[in-house]
Amino acid sequence: MKVMVFLPLLISLMASAQGKVYSRCELLRIIKATGLAGYRGYSAADWLCLAKHESNYNTNAVNNNGPSRDYGIFQINSKWWCNDGKTSGSKNACHMSCSSLLNDNIYDDIECAKRVVRDPSGISAWVAWRKYCKGRNLSAYTGGC
């Protein structure tokens with residue numbers, strides 16, 4: 001009987017530790033609620049385009065770029081922004097573990113993304129934004145939500 005009581009709790013704890021693929025409109029709501037929309041002049045559409053092309057809205061995405069890796073929905077890099085324990089000389093400017101970027105709670109990802117855009121490169125620090133979003137009509141990213 002005790003197992004039946006604790007099983008739903010255990011399942012919910014396991015699920016919250018896993019990554020999540022957000023829908024575009026769900027991510028838009030979070031971007032607006034956290035003040036990321038408009039932060040340093042970058043629109044919600046900029047952030048949605050970035051997340052689409054970096055991770056396909058998947059918080060559990062990891063990409064190996066040789067000596068460093070990119071983590072989470074915004075693909076935060078371990079050389080500069082987070083510590084993965086593998087990247088030599090990591091600056092860890094967001095003062096966080098890269099593994100914390102891989103769960104369904106993206107509030108810490110958003111705080112780190114804000115830190116990234118405060119640097120002189122701004123959102124151009126992300127290759128995907130420069131390649132797929134910069135100078136383009138991004139209205140489709142926010143339309144219909």
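Predicted model: local features only at pLDDT ≥ 70, side-chain atom pairs only at ≥ 80, totals over all residues.
Cys 25 sits in helix 2 (residues 24–33), while Cys 145 belongs to the segment after helix 6 (139–142), so the pair ties together parts that are 120 residues apart in sequence. The S to S distance of this link is 2.0 Å.

Cys 145, at 46% relative accessibility, counts as partly exposed.

If you are new to the term, a disulfide is a covalent bond between the sulfur atoms of two cysteines. Now look at Cys 82 and Cys 98, which are joined with an S to S distance of 2.0 Å. Cys 82 and Cys 98 both lie in the loop between strand 3 (76–77) and helix 4 (107–117), so their bond ties together parts that are 16 residues apart in sequence. With 95 degrees about the S-S bond, this link is right-handed, and both of its cysteines are buried.

The disulfide of Cys 94 and Cys 112 is also right-handed, with 85 degrees about its S-S bond. Here Cys 94 comes from the loop between strand 3 and helix 4, whereas Cys 112 is in helix 4, 18 residues apart. Cys 94 is buried at a relative accessible area of 16%, and Cys 112 is buried at 2%.

## The whole set of disulfides

How many disulfides does a search of the whole structure find? The search finds four. Counting the bonded cysteines along the chain, the pairing pattern is 1-8, 2-7, 3-5, 4-6.

## The chain around them

Let's step back to the chain itself. Its secondary structure comes to six helices and three strands, and from the N terminus on, the elements run α-α-α-β-β-β-α-α-α. Of the 145 residues, 43% count as buried. The chain exposes about 7900 Å², with carbon and sulfur atoms supplying 55% of that area. Among contacts with a separation of 6 or more, residues 24 or more positions apart account for 53%.

## An annotated stretch

An unreviewed UniProt entry places the annotation "domain: Glycosyl hydrolases family 22 (GH22)" on residues 94–112. Over residues 94–112, the chain is 32% helix and 0% strand. The end C-alpha atoms of this stretch are 5 Å apart, and a disulfide joins Cys 94 to Cys 112.

Definitions and conventions
Residues numbered from 1 in each chain as written. Heavy atoms only, no water. Helix = DSSP H or I, 4+ residues; strand = E, 2+ residues; numbered from the N terminus. Buried < 20%, exposed > 50% of the residue type's maximum accessible area, 1.4 Å probe, protein only. Contact = heavy atoms within 4.5 Å. Areas by Shrake-Rupley, 256 points an atom, 1.4 Å probe, with all protein chains shown as cover. UniProt positions renumbered as here; feature names shortened; annotations may be inferred. Disulfide = S-S within 2.5 Å.
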